[in-house]
Amino acid sequence: MGTSLANPAEGQQSSMSRVDPDHLGKRSSSTFVEDPSGRILFMRRTATDPWKPLKWDIPGGGVDRGETASRAARREAREESGISLDYLELLTVQRMGNYARAIFFAELPFRPRVSFPDGEHDRFLWLTPREALKLPMIPGLKKAVRQFLL
C-alpha cells in the first residue's frame, strides 16, 4: 500500500469508531481511491449540488436498503467516477448523530480514466494527502485524511 494507513489508538473514543457499518441506521459509504504513485482521487461537487456544493469529496454515497457498505462503496465509485473497484479495506466508520459513514481504501494498480456518469461532480484531482488538506472538503473528510493517510 503506497499510503501509510495509521490506525487509531486502541480504546480511543471518538466520532470515528470501528463498528460494523452494516448494522447502523442512516448510512453512506465512501472510498479513498489510491493510484500507484500514492495519490488519492478527490472530486468536487457541482455548484448546483443540493448538499455541500463546490466542496471536495471522495467517491461515495448512500447505502441502499439490503445493500452492504462495501457493495455501496463499489457502486458509488462506479456511478460517480466510472471506476470499478475490486478489493476494499474498511478504514473506519464516522458516526455523526444518527448517521454513519463507512470509509474504505482501495489501492489501484494503474491510474484509471475518471468520468462523471451521474453528474454530481465537475472536477477531479489526484493529490497527495497533504495537498488535499488545502481543499475545502465536506464535513469529516479532513479528519479522515489526517487520521488514515498521513
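1. The hairpin is built from S6 and S7, with 2 residues between the strands; Gly97 in the turn has a positive phi of about 65 degrees. S6 covers residues 89–96 and S7 residues 99–107, running antiparallel and joined by 7 bridges. Strands pair if DSSP finds at least two bridges between them; helices (H or I, at least four residues) and strands (E, at least two) are DSSP runs numbered from the N terminus. Val93 stands opposite Ala102 in S7.

2. This is a predicted model, in which local features need pLDDT of at least 70, side-chain atom pairs count only at pLDDT 80 or more, and totals for chains, interfaces and linings use all residues. Residues are numbered from 1 along each chain as its sequence is written, and side-chain values use heavy atoms, leaving out hydrogens and water.

3. The chain averages a pLDDT (the predictor's confidence in each residue, from 0 to 100) of 87, and 83% of the residues score at least 70. Over residues 3–18 pLDDT stays under 50; the model has 40 contacts (heavy atoms within 4.5 Å) beyond four places in sequence for this segment.

4. Helix H1 spans residues 69–81. Its buried residues (under 20% relative accessible area, with exposed over 50% and partly exposed in between, 1.4 Å probe, protein chains only) include Arg75, Glu76 and Glu80. Among the elements covering the buried residues of H1 are strand S2 (26–34), strand S3 (40–45) and S7. Gly82 follows H1 and has a positive phi, near 80 degrees.

Note on methods
The expected span of a helix is 1.5 Å times one less than its number of residues.
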